[in-house]
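Please look over the chain shown here, with attention to its overall fold and its charged side chains.

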Amino acid sequence: MSSYKIEIVAEVANAHQGDPEIALKIASAAADAGADAVKFQLYSGPELLVRSHPRFEHFSKQAFSESDWEKIFAPLRARGVKIYADVFGLDAMRIAAGSDIAGVKIHSSDLANLPLLEAAADWGRMILLATGGSTAREINTALDIVADAGLRPMLLHGFQAYPTAVEDSELNRLIWLKETYGARADIGYMDHVAGDDSYSTT
C-alpha cells in the first residue's frame with residue numbers, strides 16, 4: 001500500500017485586513033494549532049486590478065510593502081514555520097523570491113500567465129498550481145514550463161466559492177488529476193467549505 005505525506009497549509013489570505021501585526025498573529029496561531037505551513041496572498045493593487053475596478057482601493061489598502069512582508073516573514077522563519085505565498089504578478093514574485101520562503105502558489109486565473117510561470121520556475125522552489133476552472137490545455141502548459149526547470153509541482157483542486165457547498169466540491173476531480181498528472185505532479189485540495197459545516201472537521 002502506498003503511503004502519502006499530507007501537508008496541511010493554513011490560509012491567511014486577507015483576514016489581516018491590511019494590518020501586518022494581525023497577519024503575523026494569525027499565521028503564528030495557525031502554526032501553534034499544528035498547521036504544517038502557512039500561506040499568504042502577495043500582491044499590489046496596480047498589479048492585481050485595473051484602477052477602474054470597484055475594489056481597487058480595497059485591495060490596495062490591504063497590500064503590504066516589501067518591508068512589511070519581511071516583518072511578517074522574519075519571525076515566522078526564525079521559529080521554523082514553513083511559508084508559502086500566492087503571487088499575483090511579477091513584482092509579487094520578485095518579493096517572494098527575495099524573502100526566503102518555501103514556495104509560491106500560482107492562482108488558476110494565472111495558469112496561462114507564461115512570464116509569471118517562467119519566473120516561478122526559474123526561482124527553483126516549490127510551486128503550487130491551482131487548477132479550479134482550468135482546462136487540461138492550461139494545466140499541461142503550466143506543467144511543461146515547471147518540468148523544464150526540473151521541478152515537481154503540486155496541482156491543487158478547489159472550487160472557490162465562499163463558502164463552497166459540499167455538493168459543489170467535486171472531489172472526483174482529484175481522481176482525474178491523479179490519473180492524468182500523477183506521474184508529473186503531486187495532488188492537493190483547497191478546501192473552502194464553511195467552518196461550521198461538519199464536513200470541515202471530518
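Predicted model: local features only at pLDDT ≥ 70, side-chain atom pairs only at ≥ 80, totals over all residues.

Residues are numbered from 1 along each chain as its sequence is written, and side-chain values use heavy atoms, with hydrogens and water left out.

The chain has eight helices and seven strands, taken as DSSP runs (helices H or I, at least four residues; strands E, at least two) and numbered from the N terminus. Of the 202 residues, 40% are buried, meaning under 20% relative accessible area, while exposed is over 50% and partly exposed lies in between (1.4 Å probe, protein chains only).

There are 18 positive and 28 negative side chains, counting Lys and Arg as positive and Asp and Glu as negative, without His and the chain ends. Eleven salt bridges are found, each a side-chain nitrogen of Lys or Arg within 4 Å of a carboxyl oxygen of Asp or Glu. Three of them are tabulated here.

| Pair | N to O distance |
|---|---|
| Lys82 and Glu7 | 2.7 Å |
| Asp32 and Arg79 | 2.6 Å |
| Asp144 and Arg184 | 2.7 Å |

Asp32 lies in helix α1 and Arg79 in the loop between α4 and β3, so this pair ties together parts 47 residues apart in sequence. Asp32 is exposed at 58% relative accessibility, whereas Arg79 is partly exposed at 41%.

Terms used:
Charge placed at Lys NZ, Arg CZ, Asp CG, Glu CD.
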